Amino acid sequence: MQRKTLQVAGIALLAHLLALLAWHLVVTVGKVPAFILPSPAATFATLGNARYDWWGNTAVTAVEIMGGFAIATVLGVLFALAFTWSRLALTLLMPLLITFNMIPKVALGPLVIVWMSYGVVTNIVIAFAIAFFPILLTTLRGLRETEPELLELVGALHATRWQVFTKIQLPGSLPYLFSGMKVGSVLAVAGAIVGEFIGSEAGLGYLMLQVQVRLDTAAMMMSVLLISLIGIILYGLVSALEALVVVRDARLG
Amino acid sequence: MPVSADPMNTEAAPFIRLRNVAKTFTRDGAEFQALSDASFDIRAGEFVCLVGPSGCGKSTLLRILAGLLPANAGSTVSIGSPADPFRPGRDVGIAFQQPLLLKWRRVLENVMLPAEILGLPMRETRERARDLLNLVGLSQAERKYPYELSGGMQQRVAIARSLVHDPKLVLMDEPFGALDALTRERMNVELLRIWEKSGKTIVLVTHGIGEAVFLGQRVVVLTAGPARMAADIPIELPPQRTLELKTSEAFGAYSRRIYGLLGMS
């Protein structure tokens, strides 16, 4: 078991190294100019440029992504619970939320900036807005996904609503919640960067706009790599938590 | 034990008494007769099979016995007697066609679910669940998750679960319907053994005529279109039933009679 996990991890690492190699070959063999596509080595070398404050900018973006994602998870689950418990909440709020979800979050960005000025909090709000809905929807679906016959089986024993909820619905919804969180984690990354593009004074998205003007393509590539890295770490955390909480067979993948 | 004025009568008092049990559903304003004319008795400890085609009302009848559905006005459904009281919401165990195990619980915890819902003491329940797993031949599997078991094993777990709270009445709705034919026959023999050991009253719904004759001390035949009870047949086969019995003349005669009642001969 352990050995197999190591093997899979090894292959994953190898695939990434091969992709780097391919990138390197495209640049060197194709003689691509550095302002179009810098080599991997040139890209990583920009990390040495202290003017770009890599640590600071990465931290800001990470806080925005994680913050927006965390709030989306908490509120998504709370709303799903409320909708499961109250028919009124579902019929009253769900149509509003669906309409809200139709708004392109990019279009929402400038408004949020008008309301809250630009900065970390604004970008957290945008990341939250884009990650919230899928988490809500999948959790809601999971809470409802109980076999009717199982409900009869416990209903014949006069199980209370609370027992059905804690013993059957809630644990049954966890695989769905994690599936929603995985989608949400990817979207939260996009949300935070969109926020930084629209208006900000720090973060990797902000940095990208700064270095774009100087045609420092290597720094732009590096920013993209770091943004992805934050996303990968978040996704990994969600997957690790899932592996801990959800029995293998119940996982939705 | 309450002393009855007429001991003979107490002796004969059935555990379940059904008289003119009917059920109509209203769907989109139209009335739909799901069951009519069901009148029969079940003695405590008896194994009764309800057999019939889809739409004959056998599952409806089972749900009425489980207290999940009310019967129509005019129906008599009485379960238990002063000598043998029955507590609705407590004394009923159910097994369905699908095992319906909780994927995130190990086998032992799955078996314990009904007792948890009833708030029975956990230590005794765990003991009992272990005994039952032993009875269904799965004592080695208590730490496993459902996905690690075959379909037949999962259904054994479901049967153990239906017994864990020591119910007086066990209701089974096509419990082996999702299993392959050979596993199903093996499970039939197994179920008879479990019934003999546990002494429970079992009502089992099936559309397998052979299964009904093999398992039941009595077979209640229900027909569809219109849904009604057609016959209540005592099965007088040797109490020690083995699979060879299925090839016997007597077994064939019972089966032919039921096929005839269902208009299939």
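Me: Where in chain B is B:T247 found, and is B:T247 buried or exposed?
Reply: In this predicted model, B:T247 is found in the loop between β9 (228-234) and α8 (249-261) of chain B. Its relative accessibility is 70%, and since exposed means over 50%, B:T247 counts as exposed.

Me: How far apart in space are B:T247 and B:L68, C-alpha to C-alpha?
Reply: In sequence, B:T247 and B:L68 are 179 residues apart. In space, the C-alpha to C-alpha distance between B:T247 and B:L68 comes to 38 Å.

Me: How many disulfides are there over all chains, and how far is the sulfur of B:C49 from the nearest cysteine sulfur?
Reply: A disulfide is counted when two cysteine sulfur atoms lie within 2.5 Å, and by this rule the count over all chains is zero. B:C49 is in no disulfide, and the nearest cysteine sulfur to it belongs to B:C56. Both cysteines are buried, B:C49 with a relative accessible area of 0% and B:C56 with 1%. The distance from the sulfur of B:C49 to that of B:C56 is 13 Å.

Me: Which residues of chain B supply 32% of the area that chain B buries against chain A?
Reply: The contact takes 23 residues from chain B and 20 residues from chain A. The area buried between the two chains is about 2,100 Å², with carbon and sulfur atoms giving 70% of it. The three residues that supply 32% of the area buried by chain B, more than any other three, are B:W104, B:I117 and B:Y147.

Me: Which parts of chain B does the salt bridge of B:E46 and B:R218 link, and are both residues buried or exposed?
Reply: The side chains of B:E46 and B:R218 meet at 2.9 Å, N to O. The pair links distant parts of the chain, 172 residues apart, with B:E46 in the loop between β2 (30-42) and β3 (47-51) and B:R218 in strand β8 (residues 218-223). As for their accessibility, B:E46 and B:R218 are both buried.

Me: Which helix of chain A gives the largest share of the nonpolar patch?
Reply: The patch on the surface is formed by A:L13, A:L17, A:L20, A:F44, A:L47 and A:L225, with about 510 Å² of accessible area together. A:L225 is found in helix α10 (residues 217-245) and is partly exposed, with a relative accessible area of 31%. The largest share, three residues, comes from helix α1 (residues 2-30) of chain A.

Note on methods:
Residues are numbered from 1 along each chain as its sequence is written. Chains are lettered from A and ligands numbered from 1 in the order in which they are written. This is a predicted model: local features need pLDDT of at least 70, side-chain atom pairs count only at pLDDT 80 or more; totals for chains, interfaces and linings use all residues. Side-chain values use heavy atoms; hydrogens and water are left out. Patches are made of residues with over 30% relative accessible area and no salt bridge: like charges are joined within 9 Å, nonpolar side chains (Val, Leu, Ile, Met, Phe, Trp, Tyr) within 5 Å. Accessible areas come from the Shrake-Rupley method with a 1.4 Å probe; for residues, only the protein chains shown count as cover. A salt bridge is a side-chain nitrogen of Lys or Arg within 4 Å of a carboxyl oxygen of Asp or Glu. Helices (H or I, at least four residues) and strands (E, at least two) are DSSP runs, numbered from the N terminus. Buried means under 20% relative accessible area, exposed over 50%, partly exposed in between (1.4 Å probe, protein chains only). Contact means heavy atoms within 4.5 Å. Buried area is the accessible area (1.4 Å probe) that two parts lose on being put together, summed over both.
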